[in-house]
Amino acid sequence: MDISSVTKLAELFKQYPFLKDELIKFSDKFTALNNPLAKAVVSQVDLAQVSQTSGIDVNTLIAKIKEIIASHQA
C-alpha cells in the first residue's frame, strides 16, 4: 500500500489492524482513537488531517506508520 498525506486512516486500520494501538503507544495525542465516536471520524480523515489535528508533521507521521508496519511484518 502506498502511504501518503491523502491516505485515509480507515484504510490503514483495515489493512493493518494493529496500527491503532501502536499509534496510541507512539503519542498520547492518539488516545482519542479509543473513543467510540472516533470510529465515525476515522472513516473520513486522511493523514494530512490527522497531522493537522495531532500537531505531528505529516512526513514524521507517515515515517512512523511505515516503521510500525515494517516492524510487524518482520
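Which exposed residues does the face of α4 turned away from its buried side carry? I looked this up and found Gln 52 and Thr 53 there.

**Entry 1: the model.** I note that this is a predicted model, in which local features need pLDDT of at least 70 and side-chain atom pairs count only at pLDDT 80 or more, while totals for chains, interfaces and linings use all residues. Residues are numbered from 1 along each chain as its sequence is written, and side-chain values use heavy atoms, with hydrogens and water left out. I checked pLDDT (the predictor's confidence in each residue, from 0 to 100). The protein chain averages 93, and 100% of the residues score at least 70. Helices here are DSSP runs of H or I with at least four residues, numbered from the N terminus.

**Entry 2: helix α4.** I listed the buried residues of α4 as Leu 47, Val 50, Ser 51 and Ser 54. They cover an arc of only 100 degrees around the axis, which puts them on the same side of α4. The arc is taken from the directions from the helix axis to the C-beta atoms. Buried means under 20% relative accessible area, exposed over 50%, and partly exposed in between, with a 1.4 Å probe and protein chains only.

**Entry 3: helix α5.** I compared the length of α5 with expectation: at 1.5 Å a residue its 16 residues should span 22 Å, and its end C-alpha atoms are 23 Å apart, which agrees. The expected span is 1.5 Å times one less than the number of residues. Val 58, Leu 61, Ile 62, Ile 65, Ile 68 and Ile 69 are the buried residues of α5. Their arc around the axis is only 125 degrees, which puts them on the same side of α5. On the other side, I found Asn 59 and Ser 71 exposed.

**Entry 4: Leu 19.** I located Leu 19 in helix α2 (residues 19–26). Leu 19 is buried, with a relative accessible area of 0%. Leu 19 and Gly 55 lie 36 residues apart in sequence and 19 Å apart in space, C-alpha to C-alpha.

Terms used. Helix = DSSP H or I, 4+ residues; strand = E, 2+ residues; numbered from the N terminus.
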